[in-house]
Amino acid sequence: MNDSTLTSVTSHSPIPLNAIERIAPNPSANEFNLTINVPENQNIQIHIFDNTGQLKYNQTFEDLPAGKNTLKITQNLPTGLYYIKTTGNKGLDGSGTLIKN
């Protein structure tokens, strides 16, 4: 028999599997909206890589509030396929693809 006693329980908000909910318009010209779901206030970095893995764009959005946030991203990239990665300072991650025309 185990005589252990539970003294407290800590609850955390679940982290979504992919924070990126929408990339629109996609395909895009020079501007698109990135909708991400943030479970708690945090800083978010947006990284855009080309199909060779080279970083082409990087921006940090500080202290985004919890909930859905739509970020307007303006970039001047050549036509092609790009990979978007989001990282948060509290463990939030996301990824998606963007077609630039």
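## Exercises on a predicted all-strand model

At 36% relative accessibility, N30 counts as partly exposed. The model is predicted.

**Exercise 1.** Classify N30 as buried, partly exposed or exposed, and place N30 in the chain.

*Solution.* 
- Step 1. Take the relative accessibility of N30, 36%.
- Step 2. Apply the cut-offs: buried is under 20%, exposed is over 50%.
- Step 3. The value lies in between, so N30 is partly exposed.
- Step 4. Locate the residue: N30 sits in the loop between strand 1 (20-24) and strand 2 (31-38).

**Exercise 2.** Find which residues N30 touches beyond its neighbours within four places in sequence.

*Solution.* 
- Step 1. List the contacts: I73, T74, Q75, N76 and K100.
- Step 2. Check T74. In sequence, N30 and T74 are 44 residues apart. In space, their C-alpha atoms are 5.8 Å apart.
- Step 3. Check K100. Its side chain makes a polar contact with the side chain of N30, at 3.2 Å.
- Step 4. Turn to the whole chain. Among contacts with a separation of 6 or more, 59% link residues 24 or more positions apart.

**Exercise 3.** Work out the strand order of the open three-stranded sheet and name its edge strands.

*Solution.* 
- Step 1. Read the order: 1-2-5, with antiparallel pairing.
- Step 2. Identify the edges. Strand 1 and strand 5 (67-74) each pair on one side only.
- Step 3. Count the bridges between strand 1 and strand 2: four. As an example of a bridge, I20 is partnered with I36 in strand 2.

**Exercise 4.** Trace the pairings of strand 3 (residues 42-49) with strand 4 (residues 55-64) and with strand 6 (residues 80-88).

*Solution.* 
- Step 1. Start with strand 4. Seven bridges join it to strand 3, and the two run antiparallel. Q42 has L64 as its bridge partner in strand 4.
- Step 2. Inspect the connection. Strands 3 and 4 form a hairpin with five residues between them. In the turn, G53 has a positive phi of about 90°.
- Step 3. Move to strand 6. Six bridges join strand 3 to strand 6, again antiparallel. F49 has Y83 as its bridge partner in strand 6.

**Exercise 5.** Summarise the chain by secondary structure, burial and surface.

*Solution.* 
- Step 1. Count the elements: zero helices and seven strands.
- Step 2. State the burial: 34% of the 101 residues are buried.
- Step 3. State the accessible surface: about 6,400 Å², with 48% belonging to carbon and sulfur atoms.

Technical notes: Residues numbered from 1 in each chain as written. Predicted model: local features only at pLDDT ≥ 70, side-chain atom pairs only at ≥ 80, totals over all residues. Heavy atoms only, no water. Buried < 20%, exposed > 50% of the residue type's maximum accessible area, 1.4 Å probe, protein only. Contact = heavy atoms within 4.5 Å. Areas by Shrake-Rupley, 256 points an atom, 1.4 Å probe, with all protein chains shown as cover. Polar contact = N/O pair within 3.5 Å; in protein donor to acceptor, adjacent residues only side chain to side chain. Pairing = 2+ DSSP bridges.
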